[in-house]
Amino acid sequence: MKVYIGLRWLVCIVLLLSSCQSDFRPGQANRTDLIKGQSDPADYRSIQLQNGLKVLLISDAKLVKAYASLSVQAGYFQDPANIAGLAHLYEHMLSKGSAKYPQTAEYKQFLADHGGRSNASTRSRSTNYYFQVANSGFAMALDRFAWQFIDPLLPAEMVYKERHAVEAEFRLKYRDPFRRKREVIRQLINSDHPYSQFSTGNLVTLQDTQQQNLQQALANFGQKYYCAPRMAAVLASPLSLEQLTQLATDKFSGVPRQCKATLSASPAVFNHPPAGKVVNIKTLNKRSRLTMSFLVPNSQSSRDAMVADYIEWLFETQNANGLETYLQKHDLIQQLYASNSNLDEGHDLFNIEFKLTNAGWKQPESIVAMTFAYIELLREQAMQQDYFAVFQQLNQQRFNLDGRHKEADDIRALAESLLFEPAFQVLAAGRIATRYSTEEIRDWLAHLIPENMLVIRENSHLPEHKIESIYNTAYSIDSSLNSSTKLAKVAFRLPELSPYLADAVAVDVSDVKHPRLLIDTKQLTSWYLPKAVAEDSYTAITLYIDTLSSTTDFDYLNPLFVKRLEMQLENVLGAASQANISVDISTTRQGLKLALSGRSGDWPKLWQDLLMGLQQPQLESSRLKDTLNRHIHSLQGRLKDRLSSQTKQLQDALLGLHPTTRQYLDYFAQFDESRYQHFVRHYLDNAHLTSIYYGHVSATQWQQMNQLLNPLASKIKQPIPAAVDHWQGKHSNIGLQTNQLNSQDSAVRLVLIPQSQSLYSHAAVELLASMLKAPFFQQLRTEEQLGYSVSVAAKQSYGQPFLSYYVQSPVAGSEGLLERVKQFNQWAVTYLSMMPLTQFEQLKTNLSVSLGQSQINSSSAEGGLRYNIRKGRPLDYHKQLQQAVASMSQETFLAMAEFLLKQELQGVLAEPSITVSEKPDL
């Protein structure tokens, strides 16, 4: 096994884990000094208030926004048996006013006025709430947030309105394959187990009962389950830990400490062991999957040892002698996924999911047999410390090199973790193992047996004998596959270290303090961008290939070219992922982009191996056919995407950015492989290369990597200028297009496009969207309940800013939605004209601060700089945009906003094509 610089880490971890095998706890960890990564820029403190509420405090001077999140140990497991979805409805209702702040829209409007937003989500055993806001409004926003848990009003008139929002959310995801699959699996779960319950809720389940009305049921639910000892909050801001401690104490001490109901232990998951039962699920879309799901234990000790994560890694990581590679070589699967889904406080389902080929669909028994052969190898070798040490090395490196400042998703995840994990290891939970135990691994693997397994098959042509009642999904159950218990004999081995793995080492980039144009020739332009966050080791290396293709079908063939490159390079991409390096190959308007990013790695070696694929793009004939079929299948799937995705694809086509999905499919129905091969051979005839190096890259490295581009550059016969990726869509008169789409809802996706791409037009669009998003949501969603998905936002495409509206509705047609958006815009003109100057100035300040949010972390800062280069903008465009917002007068803004809002709306009107019989019964 070839080991690179990482060997030193490996030895250290083996010694560390073996010396403290059963109770490993890093020495610096305690309730006030949490386990944290070496590059983590924040300071932390965990406290517990007198009422029992746990709080994690995060002080980070670089944060330009403040965050708060609170998780409650109550979810749909606590739904009454006769009111499915009550926990979900309670989550919706909590923000609709409190005793101190009774107005239903006050919370969201306050956040919008202070550059913030909020969201919430309901899970099986918990519910999470969060908001973000400008630092200046944090204390006031936190007060409003806390009072939702101290004394929520749950107003009756809003209860019966908001249940329609739950219904709209249910319909929005009615065709989602995961939800349909989950509902079928619930038919096999013990009916006394809370996982067997329908979780989302809809108009059928959320009704008054003979015993109590819905509002009283909600009030009782809160009193039973929402109390401080079952809550965990996270606060993050530039304030000091002392200030945050005082803030948490002041705001959350009033949360009631008593719950009226206890949390009961869950009963057995299954009445009888699943014993290899086969569940056949008839899918709505063309989908061919096989999943082996095992009931496995979930305990604090197994989580500390990250046993499930370790086994997932042994299945999923790049391994030339592993299960996935073997099954791919025998044309049985396209891809393997391993995952762990929680069932209750003591059990998970460990899922090994296979995306099947046509041959694999016909041989499920072979796939199951090979999988059990690999599991047997795990039982023999997975307990060896050197393998676990490789896994731990990768996690430890990722944990210690992560210098990101926390953002919204991080804060929400930490609140959830604090609810269930010891406070001192909340930052490390699920990221690094704090103990190593052969007993835990052995016991966990002992559950991966046929008697403990469900086999789930998904396909549109499966036999059906039953219909589940929530999503009307057809399914059937067989006793088991006709497979032999005899293990297949395959020479599997466990994974080795990635060849691209390297320790983080000091790189001398001190001589470059500002963006620098390294090379500017006819064939190659090269930039170096110094890291925006000094303490972060984040590295990004990007290559753009701009080509002037002579073929008229470039838009059709280029995406297929990229898919085939991905398949050709799949082993390289897998080994990069194993080394914690992300690699993205994607299309651009002019060609393609190859992007690498991470915090350490052997960049030149990875670069060289990736470029080999670009220099010699080739696949065997069978794989050429396979990629073509996958591409066509993917295009067909777009026709049954969520309505929001379908309308976005149509809008982009209407704006002239790419063909429609139907046009793609018509083209590939007449596909000519020889024409494609001609396209590939001449891809670089008229081209230009642009390389961009960001961050932790030395002069020696970028010089070496630019030299590796020479073979590609030599293929260029006629150089073209580097592309300036400007907007190429039509600016006006695109009109309105009505389409009948695969959905049960209607929708509108509309745009208002400024005639100018100027900095001030961009500033005006951003400012206008920030002012309209809260009232648009309040009027169309909260008050009128037109649908669940309601938004207005500032967007940009190829450097062109525009105002974007989306409304999806189960109750109104697209023409009615169009008229309602027109009415809103008329209202908005008056609303903006009456806005006090002080409010306008405050909104400008908050937006300017929010726009700076993208610069605090390296990945987003690098993306912004690279975007500016490609769009021909100044590198400091983000700062100029902030200044344009800050300096815009109210008079100038009102003139630009009124001009834009009085334009004709353009875009896509969508009408449903699914018949009433296909909709859920109400």
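I began with strand S8 (residues 289-297): eight of its nine residues are buried, so S8 is largely enclosed by the rest of the structure. Buried means under 20% relative accessible area, exposed over 50%, and partly exposed in between, with a 1.4 Å probe and protein chains only. Helices (H or I, at least four residues) and strands (E, at least two) are DSSP runs, numbered from the N terminus.

I noted the ground rules next. This is a predicted model, where local features need pLDDT of at least 70 and side-chain atom pairs count only at pLDDT 80 or more, while totals for chains, interfaces and linings use all residues. Residues are numbered from 1 along each chain as its sequence is written, and side-chain values use heavy atoms, leaving out hydrogens and water.

**Strand partners**

I looked up the pairing of S8. Two strands pair if DSSP finds at least two bridges between them. S8 runs antiparallel to strand S10 (residues 347-356), with nine bridges. Met292 has Ile352 as its bridge partner in S10. S8 also runs antiparallel to strand S11 (residues 453-459), through six bridges. There, Met292 stands opposite Val455.

I then followed S10 to strand S9 (residues 333-342). Nine bridges join these two antiparallel strands. Ile352 of S10 is the bridge partner of Ala338. Four residues form the hairpin link from S9 to S10.

**Helix H10 on helix H14**

At what angle do H10 and H14 pack? I found about 100° between H10 (residues 307-316) and H14 (residues 385-401), with the axes 11 Å apart. That makes H10 roughly perpendicular to H14 (65 to 115 degrees). Axes are lines fitted to C-alpha atoms, for helices over the stretch in contact, and angles run from 0 to 180 degrees between N-to-C directions.

H10 brings Asp309, Tyr310 and Trp313 to the contact (heavy atoms within 4.5 Å), and H14 brings Tyr387, Phe388, Val390, Phe391 and Leu394. I sorted the contact residues: seven are nonpolar, none polar and one charged. Nonpolar covers Ala, Val, Leu, Ile, Met, Phe, Trp, Tyr, Cys and Pro; charged covers Asp, Glu, Lys and Arg; the others, Gly among them, are polar.

**Helix H24**

Which residues of H24 (residues 699-707) are buried? I list Gln701, Trp702, Met705 and Asn706. They lie on the same side of H24, because they cover an arc of only 130° around the axis. The arc is that of the directions from the helix axis to the C-beta atoms. Exposed Thr700 and Gln707 sit on the face turned away from the buried side. The buried residues pack against several elements, including strand S14 (516-520), helix H19 (603-615) and helix H25 (710-713).

Notes
Parallel < 35°, antiparallel > 145°, perpendicular 65-115°, else oblique.
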